[in-house]
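Subject: Structure handover

Hello,

Here is the structure you asked for. Please open it and keep it beside this email.

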Amino acid sequence: MKLLQHFSPSHLTVATLLAMGGLACPMVFAAEMTQPTQDEWKFTLKNAYINRDYDNPSLKDTGSWSQAASLFYKSNMQDTPLQIADKPVTIGADASVQYALRLSKDKHVADTVLPFDTQTQSQASDYLKYGATLKLGYDKTLLSVGELWLDLPVTAVDASRQLLASYWGTNLKSQLSDQLYAEIGRVTKVSSRNEEDFRKFSFTANGKTEYSDGLNYLDLRYQLTPSLKAEYYFGNLEDLYNKHYVGLEHTWKQPDFTLNSKFKYFNAKNDGSNFDIDAQNIGVLEMLKLDNQSFGLGYQQIIGESAYPLPDGFLPETYFINWNATGFFKKNEKSYHLMYGYDFKDYMPGLNAMVKYVYGHDFKAANGEKNHETESNIIVNYAFQQPYLKGFALQYIRIDYDVKHGNDFGEDRLFVNYSKKF
């Protein structure tokens with residue numbers, strides 16, 4: 001069972017499997033710079049049924065059933081007449097079109113999947129997202145302008161619902177050496193998973209919403225040894241907050257098992273005086289793979305004077321040690337994560353499953369009372385192995401959430417995915 005995989009639209013099926021499962025995003029190095037040797041098209045279909053039932057009868061249940069069809073294009077880099085030190089400057093372009101149609105009746109409630117009109121209290125019957133990117137390359141450096149697909153702190157590509165989130169801006173990536181990868185960028189807008197258009201970043205706290213003109217970021221990744229990676233990220237979300245991230249990942253491979261260890265540290269503080277943001281997130285995660293089985297144990301703690309901040313628009317923080325339907329990032333919250341996965345390849349190739357349990361405590365409810373919460377997940381994935389069904393995959397997720405002071409819910413997600421490259 002692959003537990004860790006970097007996302008890009010070019011391998012959507014695996015990304016959907018992992019993002020919906022809420023697993024942590026890994027650190028990737030040279031693969032970041034890979035460009036296709038020829039033009040690459042990818043067509044995807046995604047049927048998504050999502051339904052959340054609240055135990056509280058005064059709350060409306062949320063969800064929808066929708067069908068999406070998307071096309072992603074990634075061009076080969078072509079040489080231009082311009083040369084620097086006998087090496088050509090190259091040019092290319094990427095593009096995407098995503099479309100989803102609601103198949104269920106309008107529940108007249110926001111479900112974080114489809115666009116929702118707060119004035120008419122209506123779910124959109126369909127929605128369309130599209131974007132394009134201009135690429136300029138030189139040696140091991142790539143400049144991208146336009147639509148960006150970023151799996152970084154603050155800017156995750158979210159495949160956990162229907163259409164994918166993407167970003168608008170400019171970034172520069174460079175493989176500076178065999179060990180060091182660097183990326184800098186400015187992201188001015190976001191198109192979240194349940195919106196059509198690109199819009200400014202925003203943040204809401206205590207009923208107040210403020211907007212940002214852009215996110216300026218730096219990401220550095222260094223391969224310290226063949227088994228040890230390090231990453232540092234700094235992001236300035238103008239007029240909202242600054243974020244620092246430091247991550248270490250070690251992989252210990254033995255003939256009979258593999259142990260993957262992660263340490264993650266986040267620090268967020270307000271930029272300006274609009275909000276009182278001061279929070280740190282410390283997390284550790286151990287993943288042991290033994291034959292067809294995987295075992296996970298993690299701990300996460302929020303320290304500081306506020307909850308850990310996330311931008312508006314259902315943008316998940318997949319860099320957390322174990323992002324779930326519930327983020328477990330409330331002020332002072334401590335959470336414990338347990339995971340068990342099994343790959344049935346010896347019995348039914350293509351089938352794997354995972355169960356997850358998280359317990360969080362030491363935070364307070366809105367009324368000031370001491371609170372605790374739990375979330376359990378069952379995740380089942382099947383990729384069809386038959387040649388005539390190649391490209392089809394199924395995923396089922398069951399989520400059960402319980403909180404001492406708050407609203408419990410149960411949620412079902414069923415996805416039927418198809419992808420075809422040509």
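Below are notes on its aromatic rings and its charged side chains.

One point before you start: this is a predicted model.

Aromatic rings

A pair of aromatic rings is described by the distance of the centres and the angle of the planes. The search of the whole structure gave 24 aromatic pairs. One of them joins Phe203 and Phe275, edge-to-face. Their centres are 4.9 Å apart, with 85° between the planes. Phe203 sits in strand 11, and Phe275 in the loop between strand 16 and strand 17.

Salt bridges

Side chains of opposite charge can pair when their charged atoms come close. There are 17 salt bridges in the structure. Start with Lys243 and Glu317, at 2.5 Å from N to O. Lys243 is in strand 15, and Glu317 is in the loop between strand 18 and strand 19, so this pair ties together parts 74 residues apart in sequence. Are Lys243 and Glu317 buried or exposed? Both are buried.

Now compare Asp213 and Lys200, which meet at 2.8 Å, N to O. Asp213 is partly exposed, at 41% relative accessible area. Lys200 is partly exposed too, at 38%.

Finally, find Arg52. Arg52 belongs to a salt-bridge network with Glu411 and Arg413. Arg52 also lies over the face of Phe409, 3.9 Å from the ring centre.

Best wishes

Notes. Residues numbered from 1 in each chain as written. Predicted model: local features only at pLDDT ≥ 70, side-chain atom pairs only at ≥ 80, totals over all residues. Heavy atoms only, no water. Phe/Tyr/Trp six-rings, centres within 6.5 Å; stacked < 30°, edge-to-face > 60°. Helix = DSSP H or I, 4+ residues; strand = E, 2+ residues; numbered from the N terminus. Lys NZ or Arg CZ within 6 Å of the ring centre and 35° of its normal. Salt bridge = Lys/Arg side-chain N within 4 Å of Asp/Glu carboxyl O. Buried < 20%, exposed > 50% of the residue type's maximum accessible area, 1.4 Å probe, protein only.
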